[in-house]
Amino acid sequence: MLNLLRKDFIALKSSLWMILMYLAVFSIAFIPSHDMSIYLVGIYTAFASISLATMIDIKNHNHHFLVTLPISRKHIVQAKYIAAIVLMLFAVLASYGLHWLVNLLVPELNKPNFALQDILIQLVILLVLVSIYMPLFYALSKKGAGVINAIFLISLIVLGRFMTYFIQMMSEGSMVGDQLLFIIPIVILLMFIASYYLTIKLFTRKDL
């Protein structure tokens with residue numbers, strides 16, 4: 001398992017500049033003009049990084065090689081889900097740190113104060129995206145990976161307004177918001193676990 005994770009991050013090492021570029025581009029695009037930029041920068045950077053990691057697998061034919069080794073497909077999928085979680089945490093925490101720095105150095109932007117709840121909301125949204133993305137990626141793999149990535153990234157942009165509304169609802173202290181804050185993370189965690197087992201099943205049946 002550790003070696004599979006090392007493989008993912010060694011493969012990403014040469015493309016680290018792209019992840020930093022995603023962070024810079026989304027920061028420049030959203031921080032000066034959007035009150036909820038901490039969410040948009042974190043979520044967009046995280047998902048773009050996860051998409052990059054999967055496309056590297058396709059480009060290097062990693063899955064075709066890994067299935068020839070004495071490694072179970074379950075562990076291959078498990079490593080990819082863990083790598084996705086690590087990339088999520090990196091992007092979300094980087095966004096939080098960057099916004100903290102902006103608040104400190106450029107107070108005239110009047111960015112709102114952020115709290116731990118803002119990090120958790122981003123992670124909840126990313127868990128949903130990964131729960132949908134991973135089964136599709138492992139089901140279609142090389143034939144449809146590029147299309148899936150394009151559709152997801154376009155959808156994130158198109159549905160940005162809905163996502164903003166959802167974030168506002170989650171952030172409010174209303175009774176409905178409090179109930180959702182309790183129920184939604186549990187439902188999404190179950191969805192993430194179900195996605196993991198579905199992906200294992202799809203990848204196990206796939207002929208590579």
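Predicted model: local features only at pLDDT ≥ 70, side-chain atom pairs only at ≥ 80, totals over all residues.

**Exercise 1. Find out how many helices and strands the protein has.**

Solution. Start at the N terminus and follow the chain: the elements run α-α-α-α-α-α-α-α. That gives eight helices and zero strands. Next, look at how the chain contacts itself. Among contacts between residues at least 6 apart in sequence, 80% join residues at least 24 apart.

**Exercise 2. Work out which residues touch the most other members of the largest nonpolar core.**

Solution. This core has 56 residues, and Ile50, Val130, Tyr133 and Met134 touch the most other members. Now ask where the core residues come from. H6 gives the largest share, with 16 residues. Finally, zoom in on Ile50. Leaving out residues up to four places away in sequence, Ile50 touches Ala84, Leu87, Met88, Val130, Tyr133 and Met134.

**Exercise 3. Classify the aromatic pair of Tyr81 and Tyr196, and decide whether each of the two rings belongs to a buried or an exposed residue.**

Solution. First the geometry: the ring centres of Tyr81 and Tyr196 are 5.6 Å apart, with 80° between the planes. Then the location: Tyr81 lies in helix H5 and Tyr196 in helix H8, so the pair ties together parts 115 residues apart in sequence. Last, the burial cut-off is under 20% relative accessible area. Tyr81, at 3%, counts as buried, and so does Tyr196, at 13%.

**Exercise 4. Do likewise for Tyr138 and Phe203.**

Solution. The ring centres of Tyr138 and Phe203 lie 4.9 Å apart and the planes meet at 70°, so this pair is edge-to-face. Tyr138 is in helix H6 and Phe203 in helix H8, 65 residues apart. Tyr138 is buried, with a relative accessible area of 1%, and Phe203 is buried with a value of 1%. To widen the view, ring pairs link Phe47, Tyr133, Phe137, Tyr138 and Phe203 into a cluster. The structure holds 10 aromatic pairs.

**Exercise 5. Decide whether Leu190 is buried or exposed.**

Solution. Find Leu190 in helix H8. Its relative accessible area is 54%, and the cut-off for exposed is over 50%, so Leu190 is exposed. Now look around it: Phe182, Ile183, Ile186, Val187, Leu189, Leu190, Ile193 and Tyr197 form a nonpolar surface patch, with about 820 Å² of accessible area together.

Methods:
Residues numbered from 1 in each chain as written. Heavy atoms only, no water. Core = buried A, V, L, I, M, F, W, Y, C linked by side-chain atoms within 4.5 Å. Buried < 20%, exposed > 50% of the residue type's maximum accessible area, 1.4 Å probe, protein only. Helix = DSSP H or I, 4+ residues; strand = E, 2+ residues; numbered from the N terminus. Contact = heavy atoms within 4.5 Å. Patch = residues over 30% accessible without salt bridge, like charges linked within 9 Å, V, L, I, M, F, W, Y side chains within 5 Å. Areas by Shrake-Rupley, 256 points an atom, 1.4 Å probe, with all protein chains shown as cover. Salt bridge = Lys/Arg side-chain N within 4 Å of Asp/Glu carboxyl O. Phe/Tyr/Trp six-rings, centres within 6.5 Å; stacked < 30°, edge-to-face > 60°.
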